[in-house]
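Here are my notes for anyone opening this one for the first time. Have the viewer ready and follow along point by point.

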Amino acid sequence: MSIKKEGGKERLKEQKKTREEKLFSKDISVENANLYYGDFHALKGIDMYIPAERVTAFIGPSGCGKTTLLKCFNRMNDLVPGCRVEGTFTVGGEDIYKSKDVTSLRKRVGMVFQKPNPFPMSVYDNVAYGPRTFGIKKRAELDEIVERSLKQAAMWEELKDRLGKSALGLSGGQQQRLCIARALATSPGIILMDEPTSALDPISTAKIEELIGSIKEYTTVVIVTHNMQQAARISDKTGFFLMGELVEYADTKDIFSDPKKEQTKRYIEGRFG
Amino acid sequence: MEKNSIKEKCGKLLFAATAALCIAAAAAIFVFIIIKSVPALAETGVGEFLFGTTWAPDANDVYGQPLAGSYGILPMLVGTLVATVCALAVGGTLGFFTAVFLSYYCGGKVKAVFTSVINLLAGVPSVIFGFFGIKVIMPLFNALSPTGNSSGLLLTSVILGMMIFPTVASLSKTALEAVPSAYFEGALALGATRDQAVFRTVVPAAKSGITAAMILGVGRALGETMAVVMVAGNSPQFIGGLFTSFRTMTANIVLEMGYAGEVQMGALFATGGVLLVFVAITVVLLSLVTSDKKTKGRGGKRRGNFLLNGRRACFAGKVCGFVSAAFALAFLAALIIYLLVKGLPHISTQLLFGAYEYGGEISILPSVAATLMTVGISLVIALPLGICAAIFLNEYAGSKNPFVRVIRGAIDVLSGVPSIVYGLFGAVTFVTLLGGNYSIAAGALTISVMLLPTVIRATEESLRAVPMSLREGALALGAGKLRTVFTVVLPSALPGIIAAAILSVGRVMSESAPFMFTMGSSIQPMPEGAMSGGTTLAVLLYYLSGENLYTDEAYACACVLMFIVLLLNAAAEVMGRLLQRKFQGEKNVNKKRGRKRALERAKENA
């Protein structure tokens, strides 16, 4: 009786372990994805594989569906009324639209928005928000997480003396990096960035690009950008979107030096968009 | 995780339930008033009640017996309507022109000062308006009256007009400022003068908003009770002229509820029912006016039908704007200075902290205690309910949801119901429920229902001011909706919610009609607990000003009440501004700057 039980326990443990391993994988694959906003067909038959621990950039003119696709990966589209998603999205080994657990998905997939959106609380509380959401209450543990996240975001030195100050007092660039630190605090395997530098000055932009280069060592980054030089500078792979379709998806150096499709070429050369 | 989703569902259900409570409250008011008035209507006949010209109730009339008195409210119906129209003529005109002045002819500090003046006037308790009416304006008018007594239509119109003035002015101002500056610039570019651009382009574009402001003003005038009772003279007869005594429906209720017989009581409830019908009409009109997007399509037929047309006429409009604004400022200043001069010298320690003796020394201490208890109890009830309902409306419900529409309708109705009708409602529900005796608890429960729309609207406004990106940020970190609401949205909206609380305190302090038949209809001694009767400060002022024995004490009491209420309103305004500053979105800044620039450009052009 007891042996059986123990065997069962062990099997359960093993199952759990493989599930966890799967969840810790950091890649994304999309199969035949279609998305509708009411009657509007916003994403048309997207298939793509986003590799782990690389930077993948989405480029394309406004309204081409790149942000829409990005927001599918952590199901932020659920907030849009009348939004319907078809197809399979496997994020970190899990079919995310089959699972009901949106919160744990968002813990594993962090997001940084176009405009910095620090909460109106202290720097510390901002970074600790995610961990606290998932039940971490011990001060020591939180301290450690906050320090680690701010160090990862290369802000520890500038902020360590003002952790208790309101985050709204920081400059725009600092606020955005704080938001990245906040996203890093839940140790996500994947971070989604929706035009993270479009509201910032060139110097802050350079800092954030540098930051992206350092966090890709342990995290997958998917970034939407309007700035093609930025895509070329920081990404490993680039996808070009047009009218809801993925026109071309390849290694960044290939896409910028030798685009296969006429539309990609015209866009990259700046003839439209 | 399962546990979390259950928690989320429970939260949503709880919020929805509190919002649904508004529907229940609005329905309950109608149902109880109707139930209480049907027997009386059956006894007198609906036609005889509505169109009978004599109101001579007999307190001994009971149901099922032949009636000795007669119960026709036509004189009071006419009185209410005429007084409302005259008040609109005074307050509506003043309000409109002041709004034009504020939005297009002044800026910076002048504008800030006048905006505060309007907000402060909006907060002045109606008993103070009435008190000011009998003590200051009436003696002035007495000289004009052939009988030497000027209580009647003219005095009532002026007082009621000044009471609806802030409503009309601030809402019209919002409507005028919402007109795109491109219209204004377009008119200037065609060679219109500044005045013409304002009166021929901007004002017509803001028409629906201004009409809505007028309708809300009408609603307030219809339902006003205490100030009218003090200045109208109150004989139940048809209006005979500017200086003859007349009675409104609200006054009818407040004057006779205290000692009414069975049928008489029913007839008073029926009077309340007629008021409710008027409220329903204004709410429907309002929703028609504010949703007239559909009717805009018929454009073609419209001809240049402007309020003012030529250069001179428009210039005259501008002058009216200056005069109205100056008049409003002068009125508030006169009110404050007069009360200060007359009241301050009589504020003594006996008055503030002494013992109250019947027929002897007056003290406001029992009233202060009763007021504080009422404020405390009603806040504990109304704030959580109102905040939860606002959370449901703003965070959970889509605007197209039919359930939400019904809730919004119910909130509109609740905010339109006259305070005296709340008094009737409280008398049949809470007083009965709490054992049939007048008590502070019953009064507090009544005013809690009345506060709901105030709290809900103010909270909703502050929730709307919280940027969407903050919610997205929290959700993207894996926080559930409840956690997002409680850790990010509510704390961000805190100044607005505090403002709502302060406004509510001011409202409880300044209301008097709902307390007359729930907390005691004569001056009460020191309350022993929530279950004993009480007299709030505003009600005390009403009683004192009715008896000519305690004039000095009445002034002192008015002084105290006025300044507490004004302080509270000023505090609420400051909190509101704090909230704005907290999230001063770039949009707003740009809009303001854009307008300023446009005005500067306009000045050069003109």
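Which residues of helix 21 of chain B are buried? Keep that in mind for point 1; and note before starting that this is a predicted model.

1. **Helix 21 of chain B.** The buried residues here are B:Arg483, B:Thr484, B:Val485, B:Val488, B:Val489 and B:Ser492. The helix covers residues 481–492, which makes 12 residues. From its first C-alpha to its last it reaches 15 Å, close to the 16 Å expected at 1.5 Å a residue. As background, an α-helix has 3.6 residues a turn, so residues three or four places apart point the same way.

2. **What that helix packs against.** The partners of the buried residues of helix 21 come from both chains. From chain A there is helix 4 (123–133). From chain B there are helix 15 (365–396), helix 19 (440–464), helix 20 (468–476) and helix 22 (494–510).

3. **Where the chains meet.** Still on the theme of A touching B: 20 residues of chain A are in contact with 17 residues of chain B. On the chain A side, the elements that give two or more residues are helix 3 (102–108) and helix 4. Helix 3 of chain A supplies the largest share, with four residues. Sort that side of chain A by class and you get eight nonpolar, seven polar and five charged residues.

4. **Chain B as a whole.** Zooming out, chain B has 26 helices and two strands. Its radius of gyration is 25 Å, which agrees with the value near 25 Å that a compact globule of 606 residues would have. Along the principal axes, its C-alpha atoms fill a box of roughly 75 × 70 × 55 Å. Buried residues make up 50% of the chain. Take the contacts in chain B with a separation of 6 or more: 80% of them are between residues 24 or more positions apart.

5. **Chain A as a whole.** Chain A comes with 11 helices and 10 strands. Its radius of gyration is 20 Å, close to the 19 Å from the globule rule for 273 residues, so chain A is as compact as a globular protein of that length. The C-alpha trace spans about 65 × 55 × 35 Å along its principal axes. In this chain, 44% of the residues are buried. Of the contacts between residues at least 6 apart in sequence, 70% join residues at least 24 apart.

6. **The six-stranded sheet.** Now look for the open sheet in chain A, with its six strands in the order 6-7-8-3-9-10 and mixed pairing. Strand 6 (109–112) and strand 10 (245–251) are the edge strands, each pairing on one side only. From one strand to the next, the twist averages 15 degrees. At the strand 6 end, strands 6 and 7 (residues 190–194) of chain A run parallel and are joined by four bridges. A:Gly110 is a handy place to check this, as it stands opposite A:Ile191 in strand 7.

7. **Strand 8, inside that sheet.** How much of strand 8 of chain A is buried? Five of the five residues in this strand (residues 220–224) are, so the strand is largely enclosed by the rest of the structure. Both faces are covered: A:Thr220, A:Val222 and A:Val224 are buried on one side, A:Val221 and A:Ile223 on the other. Strand 8 pairs in the parallel sense with strand 7 over five bridges, and A:Ile190 stands opposite A:Thr220. Strand 3 (residues 55–59) also runs parallel to strand 8, with four bridges joining them; here A:Val55 has A:Val221 as its bridge partner.

8. **The antiparallel strands of chain A.** Strand 1 (residues 28–37) and strand 4 (residues 83–91) pair in the antiparallel sense over eight bridges. Which residue of strand 4 is the bridge partner of A:Ser29? That would be A:Thr90. A:Thr90 also stands opposite A:Asp95 in strand 5. Strand 5 (residues 94–95) is antiparallel to strand 4, with two bridges between them. Two residues lie between the strands in this hairpin, and A:Gly92 takes a positive phi near 55 degrees there.

How values were computed:
Residues are numbered from 1 along each chain as its sequence is written. Chains are lettered from A and ligands numbered from 1 in the order in which they are written. This is a predicted model: local features need pLDDT of at least 70, side-chain atom pairs count only at pLDDT 80 or more; totals for chains, interfaces and linings use all residues. Two strands pair if DSSP finds at least two bridges between them. The radius of gyration is taken over C-alpha atoms; the globule rule is 2.2 Å times the number of residues to the power 0.38. A residue is buried if 20 or more other C-beta atoms lie within 10 Å of its own, exposed if 12 or fewer, and partly exposed in between; C-beta atoms are placed from the backbone. Two residues are in contact if their C-beta atoms, placed from the backbone, lie within 7 Å. Axes are lines fitted to C-alpha atoms, for helices over the stretch in contact, and angles run from 0 to 180 degrees between N-to-C directions. The expected span of a helix is 1.5 Å times one less than its number of residues. Ala, Val, Leu, Ile, Met, Phe, Trp, Tyr, Cys and Pro count as nonpolar, Asp, Glu, Lys and Arg as charged, and the others, Gly among them, as polar.
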